[in-house]
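My notes are below, in the order I made them.

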Amino acid sequence: MRGLAAALLVLVFAGYAAADEKRLPVPAMSIRAGELIREDMITERSFDQNALGVAMFVEGRQALVGRMARRALLPGQPIPTNSVEDPWTIARGATVKVVVEDSGLSIVTYGSAMQSGAPGSLITVRNTDTGVIIRAIVQPDGTVKVADGS
C-alpha cells in the first residue's frame, strides 16, 4: 500500500512540475547581432515559470524565423522580445532614393542613410546635394518617403 501511495505521489508531483514549466524557443547555437535567424538555429527548452522572472520572452518559433538578432543570442537562453527585429531594407551609409509627395506633386532626390531601417521605421537621411538632414520613413521597395514636418 505504501508503494502505491508513493508512486501516486510521484505522478502527482511530476504533473504539477510539468504544469509549472513553460517551453520557449532558444538558440541552438550562438547567433551574432545582425544575423538572420533560420529554422535550424532554433530549438525548444523547458523553463520553470518562476525562474523566468518578469521579462518578456519570445514564445513561438514563428516570431523568430526570418527576423534579425539585434544583439548576440546565446545557446539555450530564452530570447527577450526586444532582441529581434525585422531585417533591414536599408543599411546605414547606403545611397537611397528620397521621395517627397505633396498635393499630387512628387519630387525625387538621393540621400545617404544615417541609420539602418526596416519598412515602416523612421530614419535620418542626409540629402547628398544640399547636406540637409531629413527624417524619412523606409518603404518596402527600399526608397524613403519624407515624413510630415521634416
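These entries go from the whole chain to single residues.

**Ground rules.** I am working with a predicted model, in which local features need pLDDT of at least 70 and side-chain atom pairs count only at pLDDT 80 or more, while totals for chains, interfaces and linings use all residues. Residues are numbered from 1 along each chain as its sequence is written, and side-chain values use heavy atoms, with hydrogens and water left out.

**Whole chain.** Helices (H or I, at least four residues) and strands (E, at least two) are DSSP runs, numbered from the N terminus. Read from the N terminus, the order is α-β-β-β-β-β-β-β-β-β. Of the 150 residues, 29% are buried. Buried means under 20% relative accessible area, exposed means over 50%, and partly exposed is in between (1.4 Å probe, protein chains only). The chain exposes about 9,600 Å², and carbon and sulfur atoms supply 56% of that. Accessible areas come from the Shrake-Rupley method with a 1.4 Å probe; for residues, only the protein chains shown count as cover.

**Glu-35.** I found Glu-35 in the loop between strand E1 (21-27) and strand E2 (42-48). Leaving out residues up to four places away in sequence, Glu-35 touches Ser-30, Met-41, Arg-67, Met-68 and Ala-69. Contact means heavy atoms within 4.5 Å.

**Glu-101.** Next I looked up Glu-101, which sits in strand E5 (residues 95-102). Why does Glu-101 count as partly exposed? Because its relative accessibility is 49%. Its side chain makes a polar contact with the side chain of Lys-145 at 3.2 Å. A polar contact is a pair of N or O atoms within 3.5 Å; within protein, one must be able to donate a hydrogen and the other to accept it, and residues adjacent in sequence count only if both atoms are side-chain atoms.

**Leu-105.** Last, I found Leu-105 in strand E6 (residues 105-113). Leu-105 is exposed, with a relative accessible area of 53%.
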